[in-house]
Amino acid sequence: LKATLATQSLAHANMAAQLQQLQQPLLLPIRPRVWQCGVCNVVLSGEREVAQHIQQRHGTGDQRLVRISAVTLQPNRHGLFDREAPLDQQHHQSLVVPMPPTGPAYQFVRIGTEVRLAPHGGRLHHQPGISSPLHTQLTLRRRPSVGEEDLFVERTPVSASRASASRRVMWLGVGEGGHRLKEGELIKLGSFTLAVRQVCLDGPPQVPRFSSNSDPETVPVRSEALGMDSGATCRICLGGSGTPSYNGTPKVDGEEDEEGPLIFAPCLCRGNVQRIHLGCLRQWLRVRYSVENRMEQAGALALSFKPPGCEICRTEFPATFQDTTKPDSEPVLLLTNLPLVTPPFIVLAVPKSHGDDRERPHGERCVFSPGGIADAVLKIGRQRGTELRLNDTSVSRVHAKIEFENGAFVLRDNDARFRTLVLPSGPERLGNKERAQPLCVQAGRTLLEFALLEIQSDDEGEAGEAANPMVVDAGENLAVEVLA
């Protein structure tokens, strides 16, 4: 009995202590803002001290200052930036660099979790301790349209020349204002990389670009006509050039067979299976492949189509066949059941699956047409019911959305865990008034935010601090960070 009473009293005491802790206000650890000179890596207490240090130490005068807010995660992130990573696995920095009117561009590297300016000359492999370059540079360039100089953030020349789309190169973050999609751009959603194959804004109804025969990932095929060969047979109907039609009736003199001419199969097959009737191939594709509309909203279209391919050599078929013996003839469509879509529409290409994933052996094409519906939205994500489903753990349930606004298709991030990124096709201007947020780029597990920094005068600063001590003036791009 005494032991039971002692246990109960101890339990009541623990419960009382827990209730007392819950009644107390929750105190979160506040991470102070650290200002650092990007030239000499000196850590200072505020933006005014950094500006004075740069002006006195480096003699910059009235040069423009740029603030770079860097967040680097711990390694083993597979090249992804996790928004939900714990604070103890994040390293925050605020670099301030002067932008001289003339001189080389600023390039950035990552040493461990520290972001530094790369030494001039680009010989990164001779510098000990550098883990990897960030393939990002800040440069001053003249705009011919207005005749003024502006700051631009772009990929380094080496990264741009390689045309690489790996996770470690510079990707442009999609903010709340969205990104206007252009033909040829690449979209990164977690581990998936989508390609914008076509953007058609006006014109008559037409067949979208479903085929990816010109993509680098597709092996080139040969589509040349075959001459008269008595021993050649079709691999589908096993007939030759003089066999009767499918209905069994003999052909009339001068009438062409329903199977069409005997051609080389538009794939990489060789030997006895390399020849096929054009009519047999078209009929097999018409029965085997179809287009599915996944948009539940009436009037709008979200067509899903998986390109056909050879089941023997796993090569994707082209969309048309051209007889090389008749170069002036019109190309023959191999896929006869493709629909006509009225512009505006956009075509997204999903890469082919690898490994054990057999869902997309030759990729997938998604055609989105709002059809005049103002609130038509194409949802991309892992969740069932999305118009473009990407079944991968790195993709959120509804990762991103595409809408048609003001004559353009706009991509928006849906607050996804691993963000929505776009591979920039050119330099991005810093201080763009159309962008409400700082320019955000991602290189692997490092996130960089660029913003112009303007220091107020002493009188304006004292008045501003008295009115609102939490305001930070960052020029045209206002960025206030509260890290908890």
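By class, nine nonpolar residues, one polar and one charged make up the lining of the largest cavity (nonpolar covers Ala, Val, Leu, Ile, Met, Phe, Trp, Tyr, Cys and Pro; charged covers Asp, Glu, Lys and Arg; the others, Gly among them, are polar). The model is a predicted one, with pLDDT of at least 70 needed for local features and 80 or more for side-chain atom pairs, while totals for chains, interfaces and linings use all residues. Numbering starts from 1 along each chain as its sequence is written, and side-chain values rest on heavy atoms, with hydrogens and water left out.

Back to the cavity: the structure holds one of 30 Å³ or more, and the space in the largest cavity comes to about 40 Å³. Here a cavity is a set of points on a 1 Å grid over the protein atoms alone where a 1.4 Å probe fits but cannot get out, and lining residues have an atom within 4 Å of a point. Volume is the space filled by probe spheres set on the points, which are joined across faces, edges and corners. Its lining includes F210, F305, P307, P308, E316 and L338.

Next comes the sheet. Five strands form an open sheet with antiparallel pairing, in the order β6-β5-β7-β8-β26 (strands are DSSP E runs of at least two residues, helices H or I runs of at least four, numbered from the N terminus; pairing takes at least two DSSP bridges). β6 (114-117) and β26 (428-429) sit at the edges, each pairing on one side only. Strand β7 (residues 132-143) is joined to β8 by eight antiparallel bridges, and Q137 stands opposite E154 in β8. Four residues separate the strands of this hairpin, where G147 takes a positive phi near 70°. On to β26, which pairs with β8 (residues 148-155) over two bridges in the antiparallel sense: F152 stands opposite R429, and V153 has E428 as its bridge partner. Six of the eight residues of β8 are buried (under 20% relative accessible area with a 1.4 Å probe, protein chains only).

Helix α4 (residues 278-288) has L278, G279, C280, L281 and L285 buried. These pack against β13 (262-264), β14 (275-277), β17 (320-321) and β18 (332-333).

Finally, S394 lies in the loop between β22 (388-389) and β23 (400-405). S394 counts as buried because its relative accessibility is 5%. Its side chain makes a polar contact of 2.5 Å with that of D392 (N or O atoms within 3.5 Å, one able to donate a hydrogen and the other to accept it; residues adjacent in sequence count only through side-chain atoms on both sides). The S394 side chain also reaches the backbone nitrogen of S191 at 2.9 Å. Leaving aside neighbours within four places in sequence, S394 is in contact (heavy atoms within 4.5 Å) with L80, G190, S191, H399 and F418.

Notes
Buried < 20%, exposed > 50% of the residue type's maximum accessible area, 1.4 Å probe, protein only. 1 Å grid on protein atoms, 1.4 Å probe; cavity = no way out; pocket = protein on both sides within 12 Å on 5 of 7 lines; lining within 4 Å.
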